[in-house]
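The sequence and the model are shown first.

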Amino acid sequence: MIDKINEIRAELETLKAANAAEVEELRIKYLSKKGAISALMNDFRTVAADKKRELGQALNELKTFATERINSLREEAGSGNSDNSGIDLTRTAAPVRLGTRHPLSLVREQIIDIFRRLGFTIAEGPEIEDDWHVFESLNFAADHPARDMQDTFFIGRNPDVLLRTHTSSVQTRVMTSQQPPIRIICPGRVYRNEAISARAHCFFHQVEALYVDRNVTFADLRQTLLYFAREMFGPKTEIRLRPSYFPFTEPSAEMDISCNLCGGKGCSFCKGTGWVEILGCGMVDPAVLEACGIDSKEYSGFALGMGVERITNLKYQVKDLRMFSENDIRFLEEFTSAH
């Protein structure tokens, strides 16, 4: 048997293969269940006991050498130009078209990235909510006229179950589950019972931010807004804050940015004013903090919210909101290079 082992080893040392198919034939000849080495293993059962140790070691060495030799031949054949095994012959000859990302996804991720650099973390919540998280905890009394500002989709006949009208409900969930410091950003889809047109839709996307800690001031809010505007729209962007009203913030403001089309000089897009509104903001009302179990005498905070569609309109000049949800491939292909 030792002569047979040496003979097979000598054959292995001189093996050559031009391609992967020939390598597979050699593997079958020597290493398969019916191969030469397996045959020697079967003959090993009849070897005398005093020879088993020596021959067993020789057989194992032969099998290891054969495996290494076959693998070496496979690598050599795979790197050769004559072997087409690495080519997908079923692939079309036409160039592969690149996929696209939805413009709302692009802008949403850019907004999130800017706030992440300021230390904000993402918080998410359910789209089907209850009245307390959407309205009552945010200073909307049952008979509060501000509820008319948001036409709500109610689910079934239960007035307590509804589709959220803003992602502020995520803020109340966070404030009721943890104590400050809180620094979160809340992206998500919201729903309002509005007529669908070029300027409005029954669903859209928001990103809201909340910062609650000791000694948070309106100056902190303004600096955050200025940083966001310049990161999103360019380093020369200016902002202005106009007094406004929201039930859950006091004082409240709406923020405008200098028109990025005309540089603030006035054009048809900004209606000749040089300014474009992009978001609402304000200091969190102490009543909201108290409703969520946070001591308003010790902590203060600011909140802001923006529509992703609005920001996308400003960046890409998309004039019809319906285009974002129609999945027209011609429209989406315009953002192929915007990854």
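Methionine 1 is in contact (heavy atoms within 4.5 Å) with Leu40, Asp43, Phe44, Val47, Leu55 and Leu59, leaving aside residues up to four places away in sequence. Methionine 1 belongs to the segment before H1, and its relative accessibility of 32% places it in the partly exposed class.

The model is predicted: local features need pLDDT of at least 70 and side-chain atom pairs count only at pLDDT 80 or more, while totals for chains, interfaces and linings use all residues. Residues are numbered from 1 along each chain as its sequence is written, and side-chain values use heavy atoms, with hydrogens and water left out.

**Helix H1 and overall dimensions**

Arginine 9 is part of helix H1, which spans residues 2-13. Helices (H or I, at least four residues) and strands (E, at least two) are DSSP runs numbered from the N terminus. With a relative accessibility of 33%, arginine 9 is partly exposed. Its contacts, not counting residues up to four places away in sequence, are Glu61, Leu62 and Phe65. Aspartate 88 lies 79 residues from arginine 9 along the chain, and their C-alpha atoms are separated by 36 Å.

The chain contains 11 helices and 9 strands. Its radius of gyration is 35 Å, whereas a compact globule of 339 residues would have a value near 20 Å; the radius is taken over C-alpha atoms, and the globule rule is 2.2 Å times the number of residues to the power 0.38. Along the principal axes, the C-alpha atoms fill a box of roughly 100 × 50 × 45 Å. Buried residues make up 42% of the 339 residues. Of the contacts between residues at least 6 apart in sequence, 66% join residues at least 24 apart.

**Nonpolar cores**

A nonpolar core is a set of buried Ala, Val, Leu, Ile, Met, Phe, Trp, Tyr and Cys residues joined through side-chain atoms within 4.5 Å. The largest such core has 44 residues, and the members that touch the most others are Ile111, Phe115, Phe228, Ile278, Leu304 and Met306. At least two residues of this core come from each of H5, E5, H8, E7, E8, E9, H10 and helix H11 (329-332). A second, separate core comprises 23 residues, including Phe135, Phe246, Cys292 and Ile294.

Residues up to four places away in sequence excluded, leucine 304 touches Phe115, Val207, Glu208, Ala209, Leu221, Leu225, Gly280 and Cys281.

Helix H10 covers residues 308-316, and its buried residues are Val308, Glu309, Ile311, Thr312, Asn313 and Leu314. Among the elements that cover these buried residues are helix H5 (103-116), strand E5 (203-213), helix H8 (218-233), strand E7 (249-258), strand E8 (275-284) and strand E9 (300-307).

Phe135, one of the members of the second core, is also in contact with threonine 152, as are Leu162, Leu163, Thr165 and Asn193, when neighbours within four places in sequence are left aside. Threonine 152 is in the loop between helix H6 (131-134) and strand E3 (161-163), and with a relative accessible area of 14% it is buried.

Proline 181 lies in the loop between helix H7 (168-177) and strand E4 (182-191), whereas proline 251 is in strand E7. Asparagine 215 occupies the loop between E5 and H8 and is exposed at 68% relative accessibility. Asparagine 327 lies in the loop between H10 and H11 and, with a relative accessible area of 56%, is exposed.

Methods. Buried < 20%, exposed > 50% of the residue type's maximum accessible area, 1.4 Å probe, protein only.
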